[in-house]
Amino acid sequence: MGTLEFAAAMSHAPGIAAFTQAAPAAQRQAFFDAAAALRSAVSAAHLDAMVVIAPDHFSNFFIGNMPACCVSLNARYSGPVEDWLGVEKMDVPGAPELAQAIMRHAYSRGIEPAGAAQTELEHSVVVPLGLLAPAFDIPVVWVMMNCQVPPLMSLPRCHELGQAIRSAIDASGMRVGVLGSGGLSHAPGAAEADRLDETFDREFLSLLDRGATAEILAMPPARLDAAGFGAWEVRLWVAAMGAAHDRRPRTLAYEPIEAWDTGCAVAIFDGAGR
Ligand SMILES: [Fe+2]
């Protein structure tokens, strides 16, 4: 038996690390206070491994060769690849046996992720992990989901992938955490980059907090498109929902932080027996 000892989802905007002070103090505080609550939960959980479900922003995978999803089988990672992030390059331990188990459980459920043993970490993993486990000493399995290059996995499919991750955790004999890293509304690099869709973000988080999984999975792709292509990253939240399907989600913070170009939210799945 293994156990899911921690589950959460949060935004990974590079600005959180690269231009922290650009955000208004009150918004910054709300976001970092919520991240600190997650850090306490991680510390109390004594994790053997953390599964980080996060996209790749053309750090390892490119338009010419983009898997729908990919499990990192690394024994060790280096990163971040972005030298402008303001985070020193480091080595982070991997958890290849758990990664292989996630592959097997996914395949047994009819989902076939790619596997890669030499991925390098980027901001989508390093930024949230730096807030939750700043010593970077918890072995990591990075489950990459393509949120950049359509076609993208459907939301129900993302939820199923999360459930497969969970079944691997339950069989692992390990104490494992799951972190969904992405979104919410944003459109980095686009002309409308500073226009966040607060209505979408609040609607999504309200559905999350109400446990309205079916409504989230039925969200039409056009609604995500309208919130900016960065909102495609709600897939990481949905996968975390699948992994923590028996836990009650709770939004700890939401701030539409224009200076970081992202609707920034932090949620924990910590209630039992939903
Ligand atoms: Fe992103």
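User: Which backbone oxygen does the side chain of Ser-124 reach?

Analyst: This is a predicted model, in which local features need pLDDT of at least 70 and side-chain atom pairs count only at pLDDT 80 or more, while totals for chains, interfaces and linings use all residues. Residues are numbered from 1 along each chain as its sequence is written, and side-chain values use heavy atoms, with hydrogens and water left out. The side chain of Ser-124 reaches the backbone oxygen of Pro-55 at 2.8 Å. A second polar contact, also of 2.8 Å, joins the side chains of Ser-124 and Glu-122. (A polar contact is a pair of N or O atoms within 3.5 Å; within protein, one must be able to donate a hydrogen and the other to accept it, and residues adjacent in sequence count only if both atoms are side-chain atoms.)

User: Where does Ser-124 lie, and is Ser-124 buried or exposed?

Analyst: Ser-124 lies in helix α4, residues 123-132. (Helices, H or I of at least four residues, and strands, E of at least two, are DSSP runs numbered from the N terminus.) Ser-124 has 0% relative accessibility and therefore counts as buried. (Buried means under 20% relative accessible area, exposed over 50%, partly exposed in between, with a 1.4 Å probe and protein chains only.) Beyond its neighbours within four places in sequence, Ser-124 is in contact with residues including His-12, His-57 and Trp-142. (Contact means heavy atoms within 4.5 Å.)

User: Which residues coordinate the iron ion?

Analyst: His-12 and His-57, each through NE2, and Glu-233, through two OE entries, coordinate the iron ion at 2.0 to 2.8 Å. (Donors are N, O and S atoms within 2.8 Å of the metal, or 3.2 Å for Na, K and Ca; water is not among the atoms, so sites may look incomplete.) The spacing of these donor residues in sequence is H-x44-H-x175-E. His-12, in the loop between β1 (3-10) and α1 (15-18), and His-57, in the loop between β2 (49-54) and β3 (69-72), are 45 residues apart, so this pair links distant parts of the chain. His-12 is buried at 2% relative accessible area, whereas His-57, at 23%, is partly exposed.

User: How many helices and strands are in the protein, and what share of its residues counts as buried?

Analyst: The protein has nine helices and ten strands. Of its 274 residues, 58% count as buried. Its C-alpha trace spans about 45 × 40 × 40 Å along the principal axes.
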